[in-house]
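Here is a short walk through one structure. Please keep the sequence and the model in view while reading.

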Protein chains: 2
Amino acid sequence: MKPGTKILSPYLLFLGDIDDPSDAKLASGVVYWRPQMCAGQFRLPGCRADLGIAELSLADAKAMGVRSFVIGTATRGGTIPDAWRTTIIRALETGFDLVSGLHERLSRDPELHDVAARSGVRLIELRDAPRDYPVATGARRSGRRLLTVGTDCAVGKMFTALAIERELQQRGMAATFRATGQIGILISGGGVPLDAVISDFNAGAIETLSPPAPDDHWDIIEGQASVLNPSYGGVTLSLVHGSQPDAMVLCHEAGRLHLDGLPDYPMQSLKVYAEAHEQAARLTNPKARVIAVSLNTRQLAETDARLACELAEAELGVPCTDPVRYGVEPIADILQRW
Amino acid sequence: MKPGTKILSPYLLFLGDIDDPSDAKLASGVVYWRPQMCAGQFRLPGCRADLGIAELSLADAKAMGVRSFVIGTATRGGTIPDAWRTTIIRALETGFDLVSGLHERLSRDPELHDVAARSGVRLIELRDAPRDYPVATGARRSGRRLLTVGTDCAVGKMFTALAIERELQQRGMAATFRATGQIGILISGGGVPLDAVISDFNAGAIETLSPPAPDDHWDIIEGQASVLNPSYGGVTLSLVHGSQPDAMVLCHEAGRLHLDGLPDYPMQSLKVYAEAHEQAARLTNPKARVIAVSLNTRQLAETDARLACELAEAELGVPCTDPVRYGVEPIADILQRW
């Protein structure tokens, strides 16, 4: 998707005929965080996933004002199964933009391309690599920024950021979630698909994502990976530099013993990750600091979860919460007093 | 270019009709480092650049065994000027691979694509973004690695790496220059165009570039930018992680007061850059250390240049040399004793 693309809601979430409900992660993320954006779901016979929302035909969806037909699933090999094709083409003809997080490039599919052009709708690819981001300048921007950082991939950085945005907005504060991954982009209708950007423009893309803002406005930027991850550390560093965060929340999954998929990289103490991200961030914002820990305690029993949070607070001297179990009030309190 | 692409020499270096000799940086880099790879130059009427090598017609070049016709210049907007087109097409028809460092995608030019296919030759684009690099694993590899790192862009990292490779080879040691930029790739016939890689695969591309090797073999890896550069720091971090260097040489241009193009980023002490790169590198190689400083003293008079090297040695406690003025023997001595 091009920089600045806005995905129009409401969405009709298409699940195809997938077997494994966990392949609908994209769709279920949107339903969880933005139920009001999701008019309904469309499933083919045999589909075993169910988002628990209204089942809509294309005509129903059109009548309800749906704007985008969203392929809300992963597929084997990232391509569009043949059995889905007729439905997708009918959706384009019905007048919906097609939004896809699949690896396959819709725009290189001559039939989809032609039908979309004829129907006056867009093919929006969440994974498309835009080439027109600027190189970062590192210039300071007005407004306040919080970035979720972490010890590893898949520890809760998007969830934490969305929970903070929601809590701040409920308190009447000005806050905007800024997405850097496919699910976050779909949830917020725009963003930077960081894993698809040419590396020279990574930090610049993030500067674009989080532009100058009023002094009391908080951008809550979705983090990715960790600067101490040997696969993706550079991506994270670009994100940290481009974000120039005032505040960072360190996200971690309790009980993780080594980096995901990398048994030779044992988990280090939280302090190591906090310091590494603070040091990285201070290049573009000398006041950057970790203000809280967001601990994903899904592997722990309730008493252990409380204890784990207390231990993290003792180690880093900042509040620790599990956003799922305990919410993010302690974090919002800090931002409200900023 | 695809991972593993080998550019075949000898080269015929095409300069077109450029006005500004400095636009021939790509070509002059190859002539400087690999004169034996350069059969000659081909210039159009009005060209003001001159590499000082034999002027060859396409037929002459063919007779001398030339394999690649290299567009060795930058152009306005990165596209192929119309006036060059006839010559380029004749070169393809003569049977040369076309090698280009221009931004314009040759393979999207239907005429060039067709002529190349018909002539059985390749269109090799130094800036093309390959999509098939793996994600990095951070697994330790056999062999030894030196990475040139730096305080900023354009301080001499490629030059230093090539000078070290040459010095080691002259001493009979096993050493291979590994290119990460367009000029280096042309000089060595292959490599990773790091500025064109999707960021998620940056570190993985470097792992591929510098594969496991015999214990006494040195890969001399061309560095890029600096981890403390707000525009490109993430690219550098991926390169550092993927290289897992045993040794790093810190490159700097004496007299530079702030980062290139970024007046808000004043140059810090050499120690800051040395420590930042050592800390970054130790994630994938706990023994990584800066073993020397390579000081570009082109802005200094001879006595000042000596003094600047002595000051750098005093600050970091490692040898400092200017590869252009004084060669890289002190660095090679360290590697020979390794």
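Where in chain A does A:Arg131 lie? A:Arg131 is found in the loop between β5 (123-125) and β6 (144-150) of chain A; strands (E, at least two residues) and helices (H or I, at least four) are DSSP runs numbered from the N terminus. This is a predicted model, in which local features need pLDDT of at least 70, side-chain atom pairs count only at pLDDT 80 or more, and totals for chains, interfaces and linings use all residues. Residues are numbered from 1 along each chain as its sequence is written, chains are lettered from A and ligands numbered from 1 in the order in which they are written, and side-chain values use heavy atoms, without hydrogens and water.

A:Arg131 has a relative accessible area of 47%, so it counts as partly exposed (buried is under 20%, exposed over 50%, partly exposed in between, with a 1.4 Å probe and protein chains only).

β7(B) pairs in the parallel sense with β8 (residues 218-221) of chain B over four bridges; pairing requires at least two DSSP bridges. Opposite B:Phe177 stands B:Ile220 in β8(B).

The backbone has some features to note. The peptide bond from A:Ser9 to A:Pro10 is cis, with omega near 5°, and A:Pro10 lies in the segment before β1 (11-16) of chain A. B:Gln244 is not a glycine, yet its phi is positive, about 35°. B:Gln244 is buried, with a relative accessible area of 0%.
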